[in-house]
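Could you walk me through this structure, stop by stop, while I have it open in my viewer? I would like to know what to select next and what is there.

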Amino acid sequence: MSDYNFVDFSNMTAPQVEIPDSAKVVFVSDYFVGEYSGGAELSNQALIDSSPLEVFSLKSKDVTMELLQRNQTKFWVFSNIGELDINLLPSVATNMEYSIVEYDFKFCKYRSPRKHKDAEGVECDCPTSDFGKLMGFYFNSARSVYFMSEKQAEYVYEAFPFLRVDAKCTVISSLFDQDFFKTVNVLNSKEAERNDKYVVLNSPSWIKGAEDSIKYCEENGLDYDLVFGLDYGKFLEKLSTSKGVVMMPKDWDTCPRMAIEAKLLGCDVRLNDNVLHKDEEWFNTDDMNEVTSYLYMGPSRFWNGVMHDINYAPEVSSYTTSYNCKKSGYPWKESIGSVLPFSKEVVVVDGGSDDGTYEELQEWAEAEPKLKVFQNKVNWGTNESRISDGQQKAMARSLCTSEFCFQIDADEVFHEDDQHKLIDIAKHMPRNVDILCLPVVEYWGTSGKVRADIIPHKERLTRNTPNMTHGIPRQLRQINEAGETYCDWAKSDGCNLIDVNTFDPLPHASFYDGRAEGLRQNSVSDYEQYLNWATSNYPTIYHFSWFNLARKVRSFRDFWQNQWNSTFNKSTDDTAENNIFFDKPWKDVSEEDIAECATKLTCIGPRVCHEKVDYEVDNSAQMVTIQKQPPKVVDGWMKENS
Amino acid sequence: MSDFKFVIITPCFNASKNLDNIANSLLEQTHEDWIWIISDDESTDDTGEEAIRLVNKVNGRACYFPSNGDKKFALKNIVTRIEDAGDIIDDQYNGPKITDDKVIIGVIDGDDQLCNPKALELVVNEYERGSDIVWTAHKWDVNPEMNVSGLLPDKISPYHYHWCASHFRTFRKDLFNKVNKENFKDAYGEWFKRGYDQALMLPMLYLSGNRKYLDEVCYQYNIISVSMDRKFDTTSEQLNVVKFVRARGFIE
């Protein structure tokens, strides 16, 4: 999102950590092997070592807002994050593309519902607390979540039921590196003689349940060895020469490595129900090849998922409306053609064209499966069509089926250079944003000059949320004596994005902010520089409505004069008063008049034409030049209209 | 004694737990001249057995239409039964043929119920005064203050006004007869599967010459007590239908 972003980063200090550009994945954890070698750290290391991409290991405590912002386009993996500044989680969940490797139960502030109960004497109610809701947001926004065991996943689903239906969760179990499998092979091939003892981990950690394990051995007449602090290689060797292992953890252990190590080394493994993976098919078997192959594929399961997430490209449905586009001289074919390449489908709702537009659209749709053409006839320019422009767009939108929607008008063309940018911006669109405004280059006349008299953005890229539709915002809706709905004078074109039930306008995000608007109002040259920056960096729409000014004046005569007056509940009579370009009714306006008017409009510069044009007002300075060439697809149309 | 015949249609999908509530709410009505049509739509629970039991419970003033292998969803299910209503009335009453302008259709969803013993009486009174479509206030089981229904100002197109005819929905059959059935179908000519309330009522509200909202709570919308999961699961699909229906407007 470059310099203009959704978060205010103005008070940030310099980052303590630099993540190299070459790193594609940032792996976040409290500790890494070398600092602490717990089960999570060993599994993380196995993942990092097997990554097909360059991974940067980042300690949780070193994550800052600035680091997140600077590396927003990288893919992030979060595992244990006890030392992460919890205030960063909303920004992570809103702005980052990431996966979670879940080793315990982070929906609980104790990371264990049982520990919660022991500590507070009541059942864990974290999922409904502020903490739990924050964690829910964090989990819900992840591209994928990886669990250690099926039972662990079930317990998390109970806390966050939305994860169950999202189908983004995978059980990968504990992870082992290649050296481990080699060591196991070597030890097993020795076929060393085993003693009659069971290994008990004599960990001082309460949760490991050493006391219960000893008790189990004594109650069942098992001879045992207490083991703790052995070098890892020695420990494995010890297992390979012991009869078995007893593990009776006090609390849920999601996928303890020792149980797996013992199993692979031929031990008789005695576990209690707190070992959550113990009944899983891959583990509860005597076929060691099955156990080994399952574990061997663990990192692949993870990285295949991550690669899928990294390569994910959201689908976009584009939609537009048409009405007598041929007769009106719109670049409508160029418009549709410009969005077809990146769209899963392009929905067109025709408003009852009688100039051949609809037939050509149908013919085109027969050859182009992505083009979906519908017709909803409207009696344009009459009382019946006061809000029809927005309703036609609403209907087209309602027929879109993709995750994202892109709206374009028949006189607008999307730039071929921006197709990948659009998909990329959709992919990284903050999750709390449903509507994104994009730059619009509005030409005024055939000289290539661009309007600076209006705000240069429009609501175009949207999530396909069920409540979003087009229409007149609630506060601008009026009802006349005949009970007909219309729009407050010139306050809206009736096509805003609104809530379908309440008609409330919906919030948008935009590249365009107060600073940019200040430039536009105070310094055309600075604004020109800004707009060139914006159109170079963001996917941009090129609007040709006012390119051929004579054509535009004719379109007012044939359509827009009446349609605007209908929208705003004004008289649609053909009178001199109602004609915004001429002091005579349209029936008396000749082609020569229109040509002369177009010349005058070129000279006096851009303006919003809802009221009579004052030819004495000179806005010719309110134009800028955009260096980027218009879309190639519209070259021919521009030549014809110049 | 009113000339109007009240036909209550209940489209059902896995509604066996709630049908008895509907039966009880009908049996306590002060206006007793009603027929109840229970129309199953491929339920997988014991809706059929329960419906047969309730036909007896209401002394034969109900008809049960079992599933026939054709999943209809609520709108097609209701419309099919409305079209059957004349024959059903003829079967129930010995006497002169009842014309469609004297048939009131009311819809109680399989998971909801009436909650006011005077509901039918109040509604019939409005039809006696000349209305051709009448809806009332309602409440939710989770919140008795929750009522989406309300007044629709005269002349205003219901397509351009916020939704206000949620429950209890009733209309004269002759008004329904005027609606082009294309209004009940999507852009591909398929019957709407969700959001049937607006798809059914907006065309009739549009055509009505005398529409009436009764600000009396007559209907209970059950969101938790009966079928929360199903209702929440379909919210997104409902809104998509609503968007389309409202954008397309009325089809003559």
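Before we set off, here is one term for the tour: angles under 35 degrees count as roughly parallel, over 145 as roughly antiparallel, 65 to 115 as roughly perpendicular, and the rest as oblique. Please also keep in mind that this is a predicted model.

**Stop 1: two helices of chain B**

Select residues 73-92 of chain B, which form helix H3, together with residues 196-207 of chain B, which form helix H6. Their axes come within 8 Å and cross at roughly 40°. H3(B) and H6(B) are therefore oblique to each other. Which residues make the contact? From H3(B), show Ala74(B), Leu75(B) and Ile78(B); from H6(B), show Tyr196(B), Ala199(B) and Leu200(B). Colour this contact by class and you will find 6 nonpolar residues, no polar and no charged ones.

**Stop 2: strands of chain B**

Staying in chain B, pick strand S6, residues 133-140, and strand S7, residues 169-172. These two run antiparallel and are joined by 3 bridges. For one pair to click on, take Val134(B), whose bridge partner in S7(B) is Thr170(B).

Look for Lys139(B), which stands opposite Gln220(B) in S8(B). As background, strands of a sheet pair through backbone hydrogen bonds, either parallel or antiparallel.

**Stop 3: where the chains touch**

Show both chains together. How many residues does each chain bring to the contact? Chain B gives 18 residues and chain A gives 19. On the chain B side that touches chain A, the classes are 7 nonpolar, 6 polar and 5 charged residues.

**Stop 4: chain A as a whole**

Chain A has 23 helices and 25 strands in its secondary structure. Along the principal axes, its C-alpha atoms fill a box of roughly 110 × 50 × 50 Å. The radius of gyration of chain A is 33 Å, whereas a compact globule of 642 residues would have one near 26 Å.

**Stop 5: a sheet in chain A**

Next, find the open sheet of 6 strands in chain A, which follow the order S2-S1-S3-S4-S5-S6 with parallel pairing. At its edges are strand S2 (55-59) and strand S6 (169-171) of chain A, each of which pairs on one side only. Turn the view and follow the twist, which averages 20° from one strand to the next.

Then pick out strand S1 of chain A, residues 25-29, which runs parallel to S2(A) and is joined to S2(A) by 5 bridges. Within this pair, Val28(A) stands opposite Leu58(A). Bring in helix H6 of chain A, residues 150-159, which packs on the sheet. This helix touches strand S4 (97-102), strand S5 (144-147) and S6 of chain A, and its direction makes about 150° with that of S6(A).

**Stop 6: two helices of chain A**

Ile260(A), Lys263(A) and Leu264(A) of H11(A) meet Met288(A), Val291(A), Thr292(A) and Leu295(A) of H12(A). By class, this contact has 5 nonpolar residues, 1 polar and 1 charged.

Conventions. Residues numbered from 1 in each chain as written. Chains lettered and ligands numbered in written order. Predicted model: local features only at pLDDT ≥ 70, side-chain atom pairs only at ≥ 80, totals over all residues. Pairing = 2+ DSSP bridges. Helix = DSSP H or I, 4+ residues; strand = E, 2+ residues; numbered from the N terminus. Axes fitted to C-alpha atoms, helices over the stretch in contact; angles between N-to-C directions. Contact = placed C-beta atoms within 7 Å. Nonpolar A, V, L, I, M, F, W, Y, C, P; charged D, E, K, R; others polar. Rg over C-alpha atoms; globule rule 2.2 N^0.38 Å.
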